[in-house]
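Welcome! Take a moment to look over the sequence and the 3D view, and then let us walk through them together.

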Amino acid sequence: MYERTSIRYWLVFTAIGAFAAAVIAFCGTNFFGTRDLREIAKAPNGELEWLRQEFHLTDAQFAKIATLHSAYTPVCNEMCRRIMEANSKLDRLVSEKREVTPELEAAIQEAGSVQEDCHKQMLAHIYQVSAQMNPADGQNYLRLMKSRVIQPALSSDTAVRAATE
Amino acid sequence: MIARHGRMSLLRFTFQRKRIATSRALEKVEGFLRTRCFTERMDDDQLRQKLASWEVRPEIPPDFQRNVWQKIAVRESKPKLLSFGNWNNWWLHTPRLATCGIILGGLVGTGLGLIESSQANSRNWKSLEAKYVQAIDPYEHVRTY
């Protein structure tokens, strides 16, 4: 009787202990294993930190790219505003009209020209950034941006694969 | 196997009982003779003679064997909780089982944690990439508005 109680006690203790050890080890490993990236993701300029690590930027390169990024941000916001305006105008006209009027044509042209402008500005920024990188990393950056921004129909995985090839 | 083990332990036990009884009796006799030697001025030869003539008859309780066999039978009839073939389950009685279990649990948890953290890092890395793309692409801005 005593023997059986003792065995049962050890089995229960072992099961609880093993489970607790597994949970603690899992949480600890997970917490410490993801801490660095979590901090980068939380940081206000986390995306630039990603750029630094992904394309092996030196401090000087990073500083120049950060300056370029800061200068580009208001341009990007302005383009965003223009796109929204052009799109909403086109949307309104498409809903109102029952045929292609000169006004609608103008709106379509405007939306196209805004898109063209955006692509130009964006490409200029992408080239400027890649010029600051080492040649190989710059090439990888261009490939990635091409697949993510210029040919966004490609899936993310394909884009990453294309960038690493 | 158990029966043979039981017989062996019975013989061993009988022998030990005899030896204990003999030594106790000898001690008593020796004490007594020493006192007598002291009072009767007995020399060593006489003492040896007396000791040689003395015979010990140890008494074993009449139901001794039956008791031993009963104990063997009781032990044999006990159900075994876990037995894996011919293995002894000695390790179930000791804290070794708990230690092994806790170490194993820790290792499994660490392994799963490493896999999970690697996947989480991969997800976070992709989300940072998407954040960068969103930061430079006004169309992404508009899409996420």
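**A walk through two chains**

What you are looking at is a predicted model, in which local features need pLDDT of at least 70, side-chain atom pairs count only at pLDDT 80 or more, and totals for chains, interfaces and linings use all residues. Residues are numbered from 1 along each chain as its sequence is written, while chains are lettered from A and ligands numbered from 1 in the order in which they are written.

Is G17(A) buried, exposed or partly exposed? A residue is buried if 20 or more other C-beta atoms lie within 10 Å of its own, exposed if 12 or fewer, and partly exposed in between, with C-beta atoms placed from the backbone. G17(A) is partly exposed, because it has 19 other C-beta atoms within 10 Å. Its partners are in chain B: leaving out residues up to four places away in sequence, G17(A) touches A98(B), G101(B), I102(B) and G105(B). Touching, or being in contact, means that the C-beta atoms of two residues, placed from the backbone, lie within 7 Å.

Those contacts lead us to the meeting of the two chains. In total, 40 residues of chain A are in contact with 36 residues of chain B. On the chain A side, α1 (2-42), α2, α3, α4 and α5 each give two or more residues. Which helix gives the largest share of that side? It is α1(A), with 24 residues. Sorted by class, the side of chain A that touches chain B has 25 nonpolar, 11 polar and four charged residues. Here Ala, Val, Leu, Ile, Met, Phe, Trp, Tyr, Cys and Pro count as nonpolar, Asp, Glu, Lys and Arg as charged, and the others, Gly among them, as polar.

Now step back to see each chain as a whole. Chain A has six helices and zero strands, and buried residues make up 24% of its 165 residues. Chain B has five helices and zero strands, and 10% of its 145 residues count as buried. Among contacts in chain A between residues at least 6 apart in sequence, 43% join residues at least 24 apart.

Next, look inside. In soluble globular proteins, nonpolar side chains tend to be buried together. A nonpolar core is a set of buried Ala, Val, Leu, Ile, Met, Phe, Trp, Tyr and Cys residues joined through C-beta atoms within 7 Å. In the largest such core, which has 21 residues, L51(A), F55(A), L57(A), Y141(A), Y132(B) and I136(B) touch the most other members. The elements giving two or more residues to this core are α2 (46-54), α3 (59-96), α4 (102-132) and α5 (135-150) of chain A, together with α4 (96-136) of chain B. Its largest share, five residues, comes from α3(A). Apart from this core lies another, of six residues, including A18(A), A21(A), F26(A) and I102(B). As for I136(B), it touches Y72(A), C76(A), M122(A) and H125(A), not counting residues up to four places away in sequence.

Why does V129(A) count as buried? V129(A) is buried because 23 other C-beta atoms lie within 10 Å. Setting aside residues up to four places away in sequence, V129(A) touches I65(A), L68(A) and Y141(A). The C-alpha atoms of V129(A) and F62(A) are separated by 9.7 Å, though the two are 67 residues apart along the chain.

For a contrast, turn to helix α3 (residues 64-77) of chain B. The number of buried residues among its 14 is zero, so α3(B) lies largely in the open.

Finally, how confident is the predictor? Its confidence in each residue is the pLDDT, from 0 to 100. The mean pLDDT of chain A is 84, whereas chain B averages 77. In chain A, confidence is lowest in helix α6 (residues 156-164), at a mean of 46, and highest in α2(A), at 90. In chain B, confidence is lowest in helix α1 (residues 2-40), at a mean of 65, and highest in α4(B), at 91. For the complex, the predictor gives an ipTM of 0.78 and a pTM of 0.59.

Technical notes. Helices (H or I, at least four residues) and strands (E, at least two) are DSSP runs, numbered from the N terminus. pLDDT is the predictor's confidence in each residue, from 0 to 100. The expected span of a helix is 1.5 Å times one less than its number of residues.
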